[in-house]
Amino acid sequence: SFGVAWMPTSGRAQLAHEIGHTIGLPHSSGGYTEVYDSHWDLMSYPYVTWDPSLDPPDWVQQYTIASNRLSLGWLDGSSQLVPPLPSTQSVMLLRGVNAPASQGYQLVRVPTAGASGTYYFAEARRRVSYDQGVPGDAVVLHTYDPSRSEPAQVVDVDRNYNPNDSVAMWTPGESFSDSLAGF
């Protein structure tokens, strides 16, 4: 069996989003009541960007987040780090789209103190190729809880209902801590 998307009047962005559902991908969000607010994932806010560098030029959709790539089997064990806790490590976090051929990980998955199967996901995004329309070049953090209707939610520390602003982007020199979870 397989999923089907019938969309006679929708555009490219909506079609890619709905095809994502047909292969089992859930919505993601910014952690508020709005499902379609995170520009980091085609399964939240689908949009397309014109790419004149392609041959032939074409519209491209932003990539999906690391938790979805992991669930689809697009990331293998060597592409992710699940550190033993407690620990302190420094690692090279590679972007998911057009990752450079170097040592590192495309995903860091840190178990949380919550229910079994809950994590923080860290991934690097850069405005290139399919990701040329994401909000910025940054590390994006998601909380992941499979019991939620939108399992992956952007960590937005100022809780201003904008998971796409500079506060939701982690850049060199910044750090994140969760005092309730103890890290």
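**Sheets and pockets in a predicted model**

A122 sits opposite L141 in strand 7. This pair belongs to a predicted model, in which local features need pLDDT of at least 70, side-chain atom pairs count only at pLDDT 80 or more, and totals for chains, interfaces and linings use all residues. Residues are numbered from 1 along each chain as its sequence is written, and side-chain values use heavy atoms, with hydrogens and water left out. As for confidence, pLDDT (the predictor's confidence in each residue, from 0 to 100) averages 88 over the protein, and 99% of the residues score at least 70. Strand 8 (residues 152-154) comes out highest, at a mean of 96, while strand 3 (residues 58-61) comes out lowest, at 82. Strands here are DSSP runs of E with at least two residues, helices are runs of H or I with at least four, and both are numbered from the N terminus.

Six strands make up an open sheet with mixed pairing, in the order 1-8-7-6-5-4; two strands count as paired if DSSP finds at least two bridges between them. At the edges are strand 1 (28-29) and strand 4 (80-81), each pairing on one side only. Strands 6 and 7 run antiparallel and are joined by seven bridges. Strand 2 (residues 48-51) also pairs in the antiparallel sense, with strand 3, over four bridges. A hairpin links these two through six residues, and D51 stands opposite D58 in strand 3.

Then there are the pockets. A pocket is an open set of points on a 1 Å grid over the protein atoms alone, where a 1.4 Å probe fits, with protein on both sides within 12 Å along at least five of seven lines; lining residues have an atom within 4 Å of a point. The largest pocket holds about 970 Å³ of space, a volume being the space filled by probe spheres set on the points, which are joined across faces, edges and corners. Its lining has 32 residues, with L93, V108, A122, V139 and L141 closest to the centre. Strand 6 (119-125), strand 5 (107-111) and strand 7 (138-144) each supply at least two lining residues, and strand 6 gives the largest share, five. By class, this lining has 20 nonpolar, seven polar and five charged residues. Ala, Val, Leu, Ile, Met, Phe, Trp, Tyr, Cys and Pro count as nonpolar, Asp, Glu, Lys and Arg as charged, and the others, Gly among them, as polar.

The second largest pocket has a volume of about 190 Å³. Among its 14 lining residues, A16, L25, L42, T64 and W74 lie nearest the centre. Helix 1 (residues 12-22) contributes the most, three residues. This lining has 10 nonpolar and four polar residues, and no charged ones.
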